[in-house]
Amino acid sequence: MATSPKRRTKAAEPDKAQLIQWYRDMLLIRRFEEKAGQLYGMGLIGGFCHLYIGQEAVVVGLQSAAGPTDSVITSYRDHGQMLACGMDPKGVMAELTGRIGGLSQRTGKRRGGERRRIHGG
């Protein structure tokens, strides 16, 4: 006899405040990425800058479903992940522009992601 797959319990519907917060999170990521694109065009971000524009809902949805012990493995587009998990936008931008206030303190290794279980980038 075949066993039936486990059925997922239906998650509670988000309330209006949660929906507004998700919208704000997506908007923060979009505006951040637009600014990063401007800075890259001005030559203030070295190397390549792969933007997260158009993918904001993916990361906000992922973070809303992730549990406190879940890990996220990113690719080269990880600014949205960093912002969606609550990292300081100023620290993320400082990281991109190679300033001392960046998350890696200019060592080339992002710090802070380990605390939030983000790996990659």
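Residues are numbered from 1 along each chain as its sequence is written, and side-chain values use heavy atoms, with hydrogens and water left out. Because the model is predicted, local features need pLDDT of at least 70 and side-chain atom pairs count only at pLDDT 80 or more, while totals for chains, interfaces and linings use all residues.

## Overall fold

The protein chain contains four helices and two strands, where helices (H or I, at least four residues) and strands (E, at least two) are DSSP runs numbered from the N terminus. Along the sequence, their order is α-α-β-α-α-β. Of the 121 residues, 28% count as buried; buried means under 20% relative accessible area, exposed over 50%, and partly exposed in between (1.4 Å probe, protein chains only). Among contacts with a separation of 6 or more, 54% join residues 24 or more positions apart, a contact being heavy atoms within 4.5 Å.

The buried residues are Gly91, Val92, Met93, Ala94, Glu95 and Leu96, and the buried residues of H4 pack against helix H1 (16-41) and helix H3 (79-84). Just after H4, glycine 98 adopts a positive phi of about 75 degrees.

Leucine 103 belongs to the loop between helix H4 (89-96) and strand E2 (118-119). Leucine 103 counts as buried because its relative accessibility is 16%. In sequence, leucine 103 and glycine 91 are twelve residues apart; in space, their C-alpha atoms are 5.6 Å apart.

## Salt bridges

The whole structure holds two salt bridges, each defined as a side-chain nitrogen of Lys or Arg within 4 Å of a carboxyl oxygen of Asp or Glu.

| Salt bridge | Distance, N to O |
|---|---|
| Glutamate 56 and arginine 30 | 2.5 Å |
| Arginine 31 and glutamate 34 | 3.0 Å |

Glutamate 56 lies in helix H2 (residues 56-65) and arginine 30 in helix H1, so the pair ties together parts that are 26 residues apart in sequence. Glutamate 56 is buried, at 6% relative accessible area, whereas arginine 30 is partly exposed, at 28%.

Arginine 31 and glutamate 34 both lie in helix H1; they are three residues apart, so about one helical turn separates them. Arginine 31 is partly exposed, with a relative accessible area of 48%, and glutamate 34 is partly exposed, with 34%.
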